[in-house]
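Visitor: Please show me the structure, and then let us go through the terms used for it, one by one.

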Amino acid sequence: MSTVDDLSKRILADVVTDFRAKNLGTSALNNEYVGPSIAALEMKFCADGPHSKVDFDLALKQLEESKFVNTGPMVPHDNPPGSSLVFMGGRSKRKFVYLTEKGYRAAQKLVSKPRPPAPSVQEHGSGDADRKFARLAIDEARKSVPEPDGRSHPKVGAVVVKNGKLLSTAYRGERSENHAEYIALEKKLTDESVAGATVYTTLEPCTTRNHPKIPCADRLIERKVARVVIGMLDPDDRISGKGQRKLRRAGIVTDLFSHDLAMEVEELNRDFTRYCEQQDQARPIPQNPKASPSIADEKVAAILSYRGKPVTVMNHPKSGRYQGLDSYWPHETIVADCTSLFITLKDATGQQYSFPLDQVDVNFDNEKKRLRLQIDRY
Ligand SMILES: [Zn+2]
């Protein structure tokens, strides 16, 4: 494969990753999604990598010609006549990459799902033990109890092992409507220390459950297990990989079942996978963004709760010579408005500024006890 082909795949993968990270429906590809800036991508791929600027331009052109992406300036938004509103994005000379639906679909095929790691020599000869316990988890998964809600659910088995000793096993629904990891850890090992244990689970641990239930990934972290071996990632596109990432961030080692066992798990859950894929296809039309609460909605709500109030505003350069050096806005600034696309700020002089919401990080200024906005400047 030529270096340009390879690079165009990597660029596309990056834009798709960026899009997924923003948790938007695919309908956003047509109107709401502004991808990474070309400058940022170029910096990433050309700065000290093997790629030249020429390769980068060719790769991007190739993606455009295949209609996988569009490029252009920030979406121009007309300022209302007579308003003093300034759309910083609209003025920006920077160009951005817009992912197209075709590009998104192409990427599903190009960007392969994470493969199980190649067989390798594992410490303490745990390869055989991993196989044995993964097998046991699959056998447990087969016992899963269907739920009477008419929806498709995964079959999940979990096995807890410490110092080579089997501590507990469980399957989904073994105790009514509970997840396998929860039953294995909380119901069967309530008082035992499982710190340092390895948990084999046929499905990636969940990261969201309805309150007051605690997601399995949080349980595993709380109980200080050392390693989690996963049969398959969640087939729901919106959450796939999140459980694994959460565990890793908490310092837990994650591995995947060996290829043949992983295939067995996928086979076991093919109905559920199909169900998720159909849901995924049926999903892309949240016409009214308020209908499905998302991370973006929560961000908008948090910002709107500060409308008219002073906030701390910082510029947060993502690249260039000031990278990592934040600067505070000199004037007291208030939140004037916020939509799912743009936030508008007004400083003490009455000047208003708008920024694309996805360039704004929201957190809390502990010192001044108020909202803090970090605005990415490329
Ligand atoms: Zn769970």
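Visitor: Why is Leu247 called buried?

Guide: A residue is buried if 20 or more other C-beta atoms lie within 10 Å of its own, exposed if 12 or fewer, and partly exposed in between, with C-beta atoms placed from the backbone. Leu247 has 25 other C-beta atoms within 10 Å, and therefore counts as buried. Of the 378 residues of the protein, 31% count as buried. This is a predicted model, in which local features need pLDDT of at least 70, side-chain atom pairs count only at pLDDT 80 or more, and totals for chains, interfaces and linings use all residues. Residues are numbered from 1 along each chain as its sequence is written.

Visitor: Which residues is Leu247 in contact with, leaving aside its neighbours within four places in sequence?

Guide: Two residues are in contact if their C-beta atoms, placed from the backbone, lie within 7 Å. With neighbours within four places left aside, the partners of Leu247 are Pro205, Ala217, Leu220, Ile221, Val228, Ile252 and Thr254. Leu220 is 27 residues from Leu247 along the chain, and their C-alpha atoms are separated by 7.9 Å.

Visitor: Where in the protein is confidence lowest, and where is it highest?

Guide: Confidence is given as pLDDT, the predictor's value for each residue, from 0 to 100. The lowest mean, 41, belongs to helix H5 (residues 88–91), and the highest, 97, to strand E6 (residues 198–203); helices (H or I, at least four residues) and strands (E, at least two) are DSSP runs, numbered from the N terminus. Over residues 76–92 the pLDDT is below 50, although this stretch has 23 contacts in the model beyond near neighbours in sequence. Where pLDDT is low, the predicted coordinates should not be read in detail.
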